[in-house]
Structures are given as structure tokens and as C-alpha cells.
Amino acid sequence: MEQHSLFQQEGAQPLAARLRPRTLEEFFGQEHLLGKGRVLRRLIENDQVSSMIFWGPPGVGKTTLARIIAGRTKSAFIDFSAVTSGIREIRAVMQQAEKNRQYGKRTMVFVDEIHRFNKAQQDAFLPFVEKGSIILIGATTENPSFEVNGALLSRCKVFVLHPLSPENVTALLARAVSDPRGFGGQRVEMEEGVLEHIAVFSNGDARSALTTLEMAVLNGEERDGAVYVSRETLTQCTSRKSLLYDKQGEEHYNLISALHKSMRNSDADAAVYWLARMLEAGEDPLYIARRITRFASEDIGLADPHALGVTIDAYQACHFIGMPECAVHLAQAVVYLSLAPKSNSIDRAYAKASRDALSMLDEPVPLALRNAPTRLMKELDYGKGYQFAHHTEEKLTNMHCLPDSLLGRTYYEPGEHGLETKFKARLEYIKAWKKEHEAPAQEEDAQDGTGQEEQA
């Protein structure tokens with residue numbers, strides 16, 4: 001349970017704490033959940049809340065919503081922090097909740113940052129959620145699919161909270177300037193556009209916006225009994241924008257996905273932007289270099305074989321000189337990959353081959369393809385029937401290299417873009433030649449005119 005000092009003064013609290021909405025009418029944003037007639041609003045207003053998880057980035061109202069629910073529910077409400085609580089505290093709360101249930105009273109438990117609980121701690125809630133001893137409300141900035149146990153997640157409704165729009169944040173800041181809980185008790189004058197600039201800077205985070213406003217007002221200029229906040233003052237308070245990014249969380253995967261799909265869509269501008277978003281937020285450049293190296297073969301392949309070399313060079317450059325200098329090398333590679341002709345033929349070929357390999361793991365290697373370094377192996381016909389392509393004028397033979405059960409299987413199907421058209425023409429020629437020479441060839445000893453090195 002959260003405790004407050006008897007001597008704690010509201011004015012000493014940060015602006016974001018003083019302005020925390022106390023009712024749904026004061027709440028900004030999340031209209032898709034809290035608009036008139038929306039499901040979450042109805043549940044709160046009718047005190048019919050069931051176990052749920054609020055998932056969204058920082059500063060969008062997860063904890064505030066829980067406190068609004070606490071103010072409206074007839075249930076016992078327990079505010080719980082995953083940062084400071086362990087198994088012992090969970091069990092104590094669950095025992096109290098069970099007693100409440102026996103007396104016919106519901107217990108609502110709010111767990112802030114539920115993703116910080118490990119599996120054992122989350123499991124401690126499960127039996128009490130199952131039998132209705134508690135209504136669990138969790139808040140998390142991480143994707144609950146990854147961070148919340150499946151059994152617990154299946155018993156909770158997930159509500160996704162979005163970053164606040166610039167219009168929402170601007171309205172919130174305007175209220176902070178006029179509300180007595182904010183700066184309504186003093187004269188604060190803002191240069192035109194300051195509130196809008198803070199709203200954009202906050203990136204949809206109400207807490208960040210209010211903290212920035214408070215810093216700007218505290219550093220404002222005294223003019224005729226008023227505090228004047230200029231753009232220059234604000235610039236000093238917002239020297240560097242805080243980018244939403246978690247190198248281990250969902251946003252990490254969202255951004256690398258955006259980079260990958262922008263390159264695949266041949267959108268060089270978007271690709272460079274997403275690259276910059278990752279690097280400026282502190283992503284390891286070698287991680288990006290590894291991912292684009294995969295892209296070079298997965299999405300370009302033989303349409304431009306040079307793409308793989310470009311990414312390997314970029315990786316080496318990142319390894320040699322690091323950030324921030326290597327950003328330009330990654331940008332060069334990303335633009336090259338975006339503009340290169342695209343083909344996923346190699347990726348599809350391997351996917352089909354891997355399915356066959358996994359389903360036919362016991363397929364023996366044809367005898368003609370086996371080396372025979374010992375007499376016994378020769379006597380067992382290892383290497384018998386092998387044809388050395390370099391001994392032919394066309395550098396081609398009609399020897400079968402797939403297991404008998406897979407003869408005729410096609411894995412590589414070249415596309416129609418870039419250099420792959422040349423590979424397609426060559427492949428069609430090879431297949432036509434082999435079809436023309438389908439008749440079984442004369443078997444020849446594997447060692448006749450060839451050595452073990454040639455066989456390999």
C-alpha cells in the first residue's frame with residue numbers, strides 16, 4: 001500500500017503528480033477506450049472491472065486509470081509495485097484478499113510495472129485470479145505477450161494505450177498553466193508556440209510534457225510580476241529529445257522491422273530515417289549491420305550479388321571505428337540495399353529445401369557423391385558412377401545429385417530482376433542440356449582419371 005507523510009504538502013509535489021487526473025472527465029487521450037460508450041469507460045462507470053492489463057508507453061495514463069478505478073470501485077483497492085515487492089508481500093496481500101472474499105468483499109490489486117515480476121512472482125497471483133479472490137490490474141510498458149505468463153495473460157483483458165496526440169498534450173499543458181493545482185495561482189505568460197513545441201517534444205508522454213513545462217516555468221524570466229517563458233528558455237530545457245526506445249523490448253523489434261520493410265519496399269528515405277532512429281537512441285551498430293547482412297541475401301540475393309559485399313564492408317567499418325562515425329557507412333549500405341533490385345528466390349529456395357531436409361533426415365547420400373579414401377569403401381562402391389564435370393566440354397554431366405526420392409525437385413526459382421535474369425538464363429540452359437542428355441551415362445570408376453580431391 002502506498003503511504004503518505006502527514007507533513008507532505010501538495011505544492012511540494014512535481015507538477016505531473018499535482019495535475020494527475022482524478023476523474024474520467026479530467027483524463028486526456030485514449031478516446032478509443034474512454035470515449036462515451038466505449039467498453040473500458042462503461043466498465044469503470046458501472047464498477048464492473050475484471051482482471052485486465054494496461055499496455056502502453058510511459059506517460060499515457062496507465063497508473064492514472066488505475067487510481068481513477070480505485071476512486072470509483074466498491075472493492076478494496078491495493079496499490080502494488082513490482083519494483084519494491086517480492087513473493088512475501090504478494091502472499092500477504094493474497095491472504096488478505098482471500099479473507100475479504102470469504103466476507104463477500106472484492107479485492108482489486110493494481111500492479112505497476114508487472115513486467116518486472118519474474119515467473120514465480122507472477123504465478124503467485126494466478127490461483128487467486130482463477131478463483132476470483134482478486135481482480136488484477138497490471139500496467140506495463142512491455143509487450144505482455146513476451147513479459148506476462150501465458151496462463152495469467154489468458155485470464156486478463158489487454159487494453160492498449162496509445163501515445164497522446166500533440167493536441168491532447170497541448171490541452172493538458174494549457175490546463176496546467178491555468179489550474180490552481182498547477183500554475184493557476186501565479187501569472188505565467190508563454191511566448192506563442194511554446195506549448196505546442198513542448199507537446200511535440202514530449203513524444204506523446206504527458207508526464208514528460210508536464211516535467212518540461214515545470215522546468216521551463218522555473219527558469220522563466222520575471223517580468224512585471226509575471227513569469228515569462230520564451231522559446232529560448234524552452235530550447236535550453238529541451239536540448240535533446242528523448243527517443244522512445246528499449247533495446248530489449250518491443251520498440252526494438254518495431255524499429256528494426258520498420259527498417260527492414262522500408263528497404264524491401266525500396267524506400268531509401270524511410271530506411272535512413274529508421275536507421276537514424278535506432279542509432280540515435282543508442283542501438284548497437286553491429287546489430288544493425290548483422291541484420292542488413294541477412295537482408296542482402298534474403299531480399300536481394302542474386303538480383304545483385306554485390307549487396308552482400310556492401311553489407312560485410314559496412315559491418316567491418318562499424319567494427320573498426322564505431323559510433324558516431326560508422327553511422328555514415330550504415331547509411332550508405334541501407335540506401336544501396338533500398339535501391340538494389342529485389343528477389344527473395346534464395347530465401348524461398350532454402351526454406352523449401354530445409355522442409356525436405358527435416359522431413360527426410362535419413363535420406364542416404366547417393367553412392368556416386370561419396371568419397372572413397374579406403375579400399376573397403378571402394379569395395380562398397382563409394383564413388384562409383386561419379387562424373388567429373390571438368391573433364392567434359394560443356395562442364396556439365398547428367399549425373400543425379402539428389403536422393404532418388406527427391407529427383408526432379410526444384411528449390412531455386414530465379415526472379416526477373418537485376419542480374420538474376422542472367423542466372424535464370426544460365427539455369428534454363430543447364431536444365432535443357434540435362435534433359436537432352438537424360439540417357440544413363442556409362443558408369444566409370446571414380447578413380448579413373450580423377451583423384452580424391454577432384455571428387456570432393
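Student: What separates Arg 294 and Glu 298 in helix α15?

Tutor: About one helical turn, because the two sit four residues apart in α15. This is a predicted model, by the way.

Student: What makes Arg 294 and Glu 298 a salt bridge?

Tutor: The cut-off is a Lys or Arg side-chain nitrogen within 4 Å of a carboxyl oxygen of Asp or Glu. The closest N and O atoms of Arg 294 and Glu 298 are 2.8 Å apart, so the pair qualifies.

Student: Is each of the two buried or partly exposed, and how do you know?

Tutor: Buried means under 20% relative accessible area, exposed means over 50%, and partly exposed lies in between. Glu 298 has 16%, so Glu 298 is buried. Arg 294 comes out at 48%, so Arg 294 counts as partly exposed.

Student: Which distant parts of the chain does the salt bridge of Asp 299 and Arg 264 link?

Tutor: That pair meets at 2.6 Å, N to O. Asp 299 belongs to helix α15 and Arg 264 to helix α13, 35 residues apart. Asp 299 is buried, because its relative accessible area is 7%, while Arg 264, at 40%, is partly exposed.

Student: How many salt bridges does the structure hold?

Tutor: There are 22. One of them joins Arg 175 and Asp 179, with the closest N and O atoms 4.0 Å apart. Both of these residues are buried.

Student: How do you know that the buried residues of α18 line one face of the helix?

Tutor: Those residues are Ser 345, Ala 349 and Asp 356. Looking down the axis of α18, they fall within an arc of 35°, so they line one face. Tyr 350, Arg 355 and Leu 358 are exposed on the other side. Part of the cover over the buried residues comes from α20.

Student: And what puts the buried residues of α10 on the same side?

Tutor: In α10 the buried set is Val 194, Leu 195, Ile 198, Ala 199 and Phe 201. They cover an arc of only 165° around the axis, which places them on the same side of α10. Among the elements covering them are α9, β6 and α11.

Student: Now the sheet: why is one side of β2 and of β5 left without a neighbour?

Tutor: The open sheet runs β2-β3-β4-β1-β5, with parallel pairing. β2 and β5 stand at its edges, each with a single partner strand, so one side of each has no neighbour in the sheet.

Student: What makes β2 and β3 a pair?

Tutor: Pairing needs at least two bridges. β2 and β3 have six, in the parallel sense, so they count as paired.

How values were computed: Residues are numbered from 1 along each chain as its sequence is written. This is a predicted model: local features need pLDDT of at least 70, side-chain atom pairs count only at pLDDT 80 or more; totals for chains, interfaces and linings use all residues. Side-chain values use heavy atoms; hydrogens and water are left out. Buried means under 20% relative accessible area, exposed over 50%, partly exposed in between (1.4 Å probe, protein chains only). The arc is that of the directions from the helix axis to the C-beta atoms. Contact means heavy atoms within 4.5 Å.
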